[in-house]
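Open the model in your viewer and keep the selection tool ready.

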Amino acid sequence: MGLQDILSKHVVQAVKVIYNKELPTVEFQATRKEFAGDITVVIFPMLRVIKGNPVQIGAQIGQYLVEHVAEVEGYNVIKGFLNVEIKAAYFIQFFNSIKADATYGFTSPDPKDKAIMVEYSSPNTNKPLHLGHIRNNLLGYSVSEILKASGKKVYKTQIINDRGIHICKSMIAWKQFGQGETPESTGLKGDKLVGNYYVKFDQEYKQEIKQMIGDGYPEEEAKKQAPIFKAAQDMLLKWEAGDPETVALWEKMNQWVYDGFDVTYKNLGVDFDKLYYESETYLLGKEFVSEGLKTGVFFKKEDGSVWCDLTDEGLDEKLVLRSDGTAVYMTQDIGTAIQRVKDYPDVGGMVYTVGNEQEYHFKVLFLIIKKLGFEWAENLYHLSYGMVDLPSGKMKSREGTVVDADDLIDEMAATAGEISEELGKLDGYTETEKQDLYKVIGLGALKYYILKVDPKKRILFDPKESIDFQGNTGPFIQYTYARIQSILRKADIDVAMELDPENVFLSDKEKALIKQIQLFEDVVQQAATNHSPALIANYTYDLVKEFNSFYQNMSILGADTNTEKVFRVQLSQTVANIIKNAFSLLGIDVPKRM
């Protein structure tokens, strides 16, 4: 039983005994650093049940706790806040119970629980992954790992947008200007090669529009009649009709892109359990529209188009089938969601990692699935996130002004190398070891910088600022982990030794560190509930700050007694274990030396 549970039970008893009142809940908060105490009971909410002076009420409850709770050794009351002091033995007992647990903070899944499917990445096959995709991938992957750690079974998935006019733009540009070049002949990753032709299409399209306007065409007419645009439209019609030559080109260029994506995903450290392709799912959902028409979920307009009326829910009418019977994105998303539950019958909820510009779309999608009668619709969540900006401004794929994901990963490793060389901490490393370390530091910096921010907030990403060995950064935390590994390598003691709670003197620094360790389990659950890796990231930074304060103020290997030495080494080892586990939830590696 946790400390809050123990105290909550006895506070309720105290109120019953002293005031003959039933207290529904007890509110706690961390004790402010300027006051003595380890946990604070907030008295003010109790005034709805108990009438009286909050200071007097706090004192009476505090005295009851001292007399009836073995873990409590004292209290003080500041206005309406009861600061409770806990005996050192309680913290040592807690520490003894978790120090050997390599997975402390993680919960094993219950086989009876429903699984959760997390969708992320979901790129187009007309360009390489860029900085925006990186935030999407890091969020989706991290939330998947956090949900797993909280005790859920998780499937990771993506839907690849492999069809449509934007794909045909790359294809027609390659056909007209590519002269048969391939990733092998150019030495380019396939996704980059295809992305270059997406940019090439835009350049040629703009030139043709300019030429046609010069020839007297109105601008809007020129945009519609530009030869390269019409060629792309014709190619799309051929693809939809199953033209063998067009389908063969589509398959070839898409495979180039998939091969390129695989390299980027591997470098970024993310993976998937199941891939869905829009070319296979875009017709899904039509049968459910037919069913929904029969049950009154949808209605048909005079032109034959089918809609869902969501005005009672404060939204508008939403098109689900065009008048010519063709599907729209909403139709596809309805069908894909239902198909996923068919593929994985144990799925009871889904998380969609998609930018905040799609918030309305997902409100509508979730409502429609609920109206169709699927119980799991209650457990659909849009992991909405803000865009990533650069100091240089907004990115545009078609103009070639995006920050390529591969280039950014390489740049982060290079910057990590420059800073590490300046600090001169790599004596004795081989060149291979250095390069591996630079990648771990660079990727750690990138991932931490992005994940420490609440998903809903927009990010201004500064690569140089992210690779700093001081402050709230990935490298600072990685360096602390490496420092602890150095301590453990030098420790010539039995770290498995059991400590007697009554014989360990606990300093304020040691107690503060154990209190921070205690929070980890709850933080994992909170991060899962809120779908927020930022809670894990910032908890880890707070843990590292507490450890560094302890490290700077207390001798570990030079402790006065063997008991103190063993305890402090064990404490350091436990902190390192939590850093490693917490960072694994963010997809970040920790080096043993830095």
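Which residues form one aromatic cluster with Phe94? Select Phe94, Tyr104, Phe106, Phe520 and Tyr539: together they make up that cluster. Keep in mind that this is a predicted model.

**Ring pairs**

Across the whole structure, a search finds 27 aromatic pairs. Start with Tyr205 and Phe229, a stacked pair with 5.5 Å centre to centre and 25° between the planes. Now show the helices around them. Tyr205 belongs to helix H7 (residues 190-214) and Phe229 to helix H9 (residues 227-240), so this pair ties together parts 24 residues apart in sequence. Colour by accessibility next. Tyr205 is buried at a relative accessible area of 14%, and Phe229 is buried at 16%.

Move to Tyr265 and Phe272. Their ring centres lie 5.0 Å apart with the planes at 70°, so the pair counts as edge-to-face. Tyr265 is buried, its relative accessible area being 6%. Phe272 is buried too, with 19%, where the cut-off for buried is under 20%.

**Charges over rings**

Select Arg163 and Tyr282. Arg163 lies over the face of Tyr282, 3.9 Å from the ring centre. Then pick Arg340 with Tyr276: the charged end of Arg340 sits over the Tyr276 ring, 5.0 Å from its centre.

**Enclosed space**

How many cavities of 30 Å³ or more are there? The count is one. The largest cavity has a volume of about 50 Å³. To see its lining, select Ser420, Leu423, Lys425, Leu426, Ile441, Phe469, Tyr479 and Met594. By class, that lining has six nonpolar residues, one polar and one charged.

Technical notes
Residues numbered from 1 in each chain as written. Predicted model: local features only at pLDDT ≥ 70, side-chain atom pairs only at ≥ 80, totals over all residues. Heavy atoms only, no water. 1 Å grid on protein atoms, 1.4 Å probe; cavity = no way out; pocket = protein on both sides within 12 Å on 5 of 7 lines; lining within 4 Å. Points joined across faces, edges and corners; volume = space filled by probe spheres on them. Nonpolar A, V, L, I, M, F, W, Y, C, P; charged D, E, K, R; others polar. Phe/Tyr/Trp six-rings, centres within 6.5 Å; stacked < 30°, edge-to-face > 60°. Helix = DSSP H or I, 4+ residues; strand = E, 2+ residues; numbered from the N terminus. Buried < 20%, exposed > 50% of the residue type's maximum accessible area, 1.4 Å probe, protein only. Lys NZ or Arg CZ within 6 Å of the ring centre and 35° of its normal.
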